[in-house]
Amino acid sequence: MVERSSSLNEIPAIQVLSPEVAARIAAGEVIERPASVVKELIENALDAGATAIQIEVREGGFTFIRVADNGHGIPRDQVSLALARFATNKIRTAEDLSRVRTLGFRGEALPSIAAVARVEILTRTAGEIEGTRLIAEEGQQTVQPAASPVGTAVTVRDLFYNTPARRRFLKSPLREAERIREIVHRYALGYPHVAFRLLIDGREVLIAPPGTPLERAATIWGREVADELVPVSWEAADLRIHGLISRPTLGRASRAFQHFYVNGRPIRSGLLVVALERPYAGRLPAGRYPLAILHIDLPPAFVDVNVHPQKAEVRFSQERSVYWGVSQAVEAALAPFPRPEEATIAWPFEEAQPAPRPLAEPAVEYGRPSRWRAVGQLLQSYILAQSEDGLIVVDQHAAHEQVLFERLWAGDAIHPLPSPLVLSFSAREAEQLEAELETLRSLGFDLEPFGGNAFVVRALPASLAEQSIPALLNVVLEEIAALRRGGGDPRERIAMRLACTAAVKAGDGLSLAEMQALLDALQETWSPATCPHGRPAWFLLSREEIERRFLRR
Ligand code: ADP
Ligand code: MG
């Protein structure tokens, strides 16, 4: 979970972002409807370290929205700055954009709200004896001393009073109240340790005391649903996936009960939906969807939060790792619920599957980690490397496997043999090779039938140039046989198998130069966190952890 501090002397000051930084921010309309106001105000309360948040709306939020929190408050001399465009206490520089841990970072929400409504902010910090009331209406601001508990209450009245067309367009207060309720549920499910209370037209429709994730799910979805949830907990390298998902005995007719949070930020993502639902194939009837509250936590540098004006979508620089991770995590959580024995697994998600991405696409520039330096080898199996963040321990086999897999998958360079090699096979083997000839060619093999059951090999994928050709074709044949029994994508499976065969093994001694080359190649991969089977390829022993162990902190 994202940690936020609420102690007074740590409240960073609000500052207006420089034009250069502001220009890098994904621009767009933040306030589309009353529910967007509620979302932004809840995010501000959470960013302020609140442990209790009360939301009150009237007439679908069109006439009245108030979000009150017990967070760190805003010092009097900064209150009016909070309403300035691009004024924030969360980032300063463009580099900070790759370190964002807060929900807000653009300094756009309050000014956008104040542009279309009458806003009142009542706030006090723990260090102030007296609070502050700011009233912003029609471009005018007044700031006065006022009694206030520690925390902040933002009241928004007469939303869109100055843009009647927008107001007419969104006419139904009932529908809007429903949207607001959904928004509050989403944050309440993601932040179970924070108390939430929601009042709609004076009626208390939600009271959620702080609790465990499961208790919170019971508060929102009911005890009966909560009894059907199972925990998810999975970790590899610096990717952590945790939360709750439904047993296959429980499904819903829509995906409205699926909630994903990336570093605490609720997001929409087709990729995550597919990764979640994939392990349910064959377990849950088609047309039913699992429920989920899933947190994906990873270093902020691997997530670009700055791609969507309402911050509802993010981009992962290790998309494949995240996809794998979520599927593995869900698969592991569902292990006690095996698929019915005989069920042939219909694949209901074929269309929803993300198109296979060319691995050779330009690496996402976002948050390239600093270069790892090899410092030695441990037990002839693990490479020890130094990074800015601490000690990296790399599983040499898993890492090499991933590097080779990605090269093969992307279409490796071709290594022509000095002279063609003719190999004979059994009739059955020849038939199997023949059937996957196109697959093998697409991976970089130049292989052709040579009369009878013989084949001539003229070239190999460059990454496998050092390997024994008969041994390689042997594992290919084994894999083709396994594919016929179990199914799967032949190209992916054969590439994985070849990568595993050719990769260095545990027990292989490596020179420092070889280790460095492998580290560099791993860092260049699209998905460095795991091997192709999804096992972790490395982990970080952070500087903090090391210092803690030596009692330096
Ligand atoms: P952002 O959240 O992107 O920084 P906002 O316009 O939402 O921008 O808020 C501007 C600033 O006002 C925040 O950076 C924060 O310093 C302050 N602020 C807003 N709401 C609160 C709150 N509920 N508690 C404390 N500070 C707040
Ligand atoms: Mg904000």
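I count a polar contact as a pair of N or O atoms within 3.5 Å. I am working on a predicted model, where local features need pLDDT of at least 70, side-chain atom pairs count only at pLDDT 80 or more, and totals for chains, interfaces and linings use all residues. Residues are numbered from 1 along each chain as its sequence is written, chains are lettered from A and ligands numbered from 1 in the order written, and side-chain values use heavy atoms, without hydrogens and water.

**Entry 1: the ligand**

I looked up polar contacts of ligand 1. One of its oxygen atoms is 2.9 Å from a polar backbone atom of Arg 106. A polar backbone atom of Gly 107 is 2.7 Å from an oxygen atom of the ligand. Lys 90 brings a polar side-chain atom to 2.7 Å from a ligand oxygen. Alone, ligand 1 exposes 530 Å², and the protein buries 97% of that (areas by the Shrake-Rupley method, 1.4 Å probe).

I then listed the shell (a heavy atom within 4 Å of the ligand). It has 22 residues, with Asn 44 and Asp 69 among the closest. I sorted them by class: 10 nonpolar, eight polar and four charged. Helix H3 (109-116) is one of the elements giving two or more residues. H3 gives the largest share, three residues (helices are DSSP runs, H or I, of at least four residues).

**Entry 2: the cavity**

I searched for cavities (on a 1 Å grid over the protein atoms alone, points where a 1.4 Å probe fits but cannot get out). I found one of 30 Å³ or more. The largest cavity holds about 80 Å³ of space. Its lining (residues with an atom within 4 Å of a point) includes Val 100, Arg 101 and Pro 300. That lining divides into six nonpolar, two polar and two charged residues.

Notes
A polar contact is a pair of N or O atoms within 3.5 Å; within protein, one must be able to donate a hydrogen and the other to accept it, and residues adjacent in sequence count only if both atoms are side-chain atoms. Ala, Val, Leu, Ile, Met, Phe, Trp, Tyr, Cys and Pro count as nonpolar, Asp, Glu, Lys and Arg as charged, and the others, Gly among them, as polar. On a 1 Å grid over the protein atoms alone, a cavity is a set of points where a 1.4 Å probe fits but cannot get out, and a pocket is an open set with protein on both sides within 12 Å along at least five of seven lines; lining residues have an atom within 4 Å of a point. Grid points are joined across faces, edges and corners, and a volume is the space filled by probe spheres set on the points.
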